[in-house]
Amino acid sequence: MQQLYVAELSDNGIEVLHEVSQEELDELKTSYPNFKAFHRMTELKDIVVENGMDFKEWMQKDNIEKCYFNHISTEKLVQTSNKRAFNYGTSIGTFLDTEKKLLEKYKSGAENELKRLEESFYDNNIEYRFWVRFRNYVVHYALPYTGLEADETNGIQIVCKKNHLLEFKKWNQVRNDIENMDENVNLPIMVEKMNVLIDALYIHFYTYFAEEIGSATIKFGEFCKKHGTQTPVIVRAEDLRKKEGICVQPLPRKELVQALEILKANPNIKVDFVEI
C-alpha cells in the first residue's frame, strides 16, 4: 500500500520529511483557486501580446524592404501581412470571449462589471474600438492589406487602404475613426496601446478571484509552516528504500505566488503578502 509523504524540493534534490494524510491533502486542495481558468487566461493573453508584436515587427519598413529585395513575391508579402493582422485580431476576440465565458461560469454576475469596463475602454480608446471591430471585419468581410506601393518618400510599403476598410458596413462608431485616418492606414501603430489594454483586462480578471487566492495562500502557508518546508512536494511510495514505484507530485506554490503578483499589479486591490 502506498504511503504519502511531505518532502522538501531543493537544488540538491528531494528530502522526504514525514508522512501526511490524504485527508489533509484533500483539505488543502479544496482551498485552491481556479488555476485552470488562470492558466487559460494567461495563455491567451500571452498569445495576443505575442501576435501583436509579431505583426508589428513584420510590418516594419526595414523588414518589408529586406524581404522585397530578397525576391519574396508581392503576393507572399501581402499574404503574410494579412496573416499577422488576422492572427492578432482574432486572438483578441478569443481572449475577450473567453474572459466573459469564464466569468459567466465561475463568477455569475461579474460579467456585467466586466462589460462596463470594456465599454469604458471602447468609448475612450480608438485602439480598443478598432481591434474589437476588426475581428468582425476579417472574419466576415475581407483582409486589410491589398498590395504593395513604392516611392522615394515612403520606400516600399504593404498598404491597407482607408477606402478598402470603409467598404465594410458594420464598423459602427469606428467608421468615423477610420475616416479620419491617413489614406494608407497604419495598423501596427495601434498594437502597443491595445496590448496594454489587454493586459489591464487580464489583471482585472484576477480581482474576481481575490478572496479565493488570499484564502488559499494562507492555507498553503500554514501547511508549509506545519511541515517545516518552503517548497513542498508530495511523495507517494510503498517503500522509500526502493526507487521503483515512487511518484512525486508538486504542489502549486508557483501558481499561488504568480496569482498574488498579478493581484498586486492592480492598484485597486490591497494585498498583504504571506510568505509561502
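Predicted model: local features only at pLDDT ≥ 70, side-chain atom pairs only at ≥ 80, totals over all residues.
The secondary structure consists of 11 helices and six strands. Along the principal axes, the C-alpha atoms occupy a box of roughly 75 × 45 × 30 Å. The radius of gyration is 25 Å, whereas a compact globule of 276 residues would have a value near 19 Å. Within the protein, 45% of the 276 residues count as buried. Among contacts with a separation of 6 or more, 68% join residues 24 or more positions apart.

One nonpolar patch of about 430 Å² brings together Leu9, Ile14, Val16, Leu240, Ile246 and Val248. Ile14 counts as partly exposed because its relative accessibility is 41%, between the limits of 20% for buried and 50% for exposed.

The cysteines complete the picture. The structure contains zero disulfides. For Cys67, the closest cysteine sulfur is that of Cys160, and the distance of 19 Å is too far for a bond, given that a disulfide requires sulfur atoms within 2.5 Å. Cys67 also counts as buried, because its relative accessibility is 8%. Cys247 likewise takes part in no disulfide, with its nearest cysteine sulfur, in Cys224, 19 Å away. The relative accessibility of Cys247 is 38%, so this residue counts as partly exposed.

Terms used:
Residues numbered from 1 in each chain as written. Heavy atoms only, no water. Patch = residues over 30% accessible without salt bridge, like charges linked within 9 Å, V, L, I, M, F, W, Y side chains within 5 Å. Areas by Shrake-Rupley, 256 points an atom, 1.4 Å probe, with all protein chains shown as cover. Salt bridge = Lys/Arg side-chain N within 4 Å of Asp/Glu carboxyl O. Buried < 20%, exposed > 50% of the residue type's maximum accessible area, 1.4 Å probe, protein only. Helix = DSSP H or I, 4+ residues; strand = E, 2+ residues; numbered from the N terminus. Rg over C-alpha atoms; globule rule 2.2 N^0.38 Å. Contact = heavy atoms within 4.5 Å.
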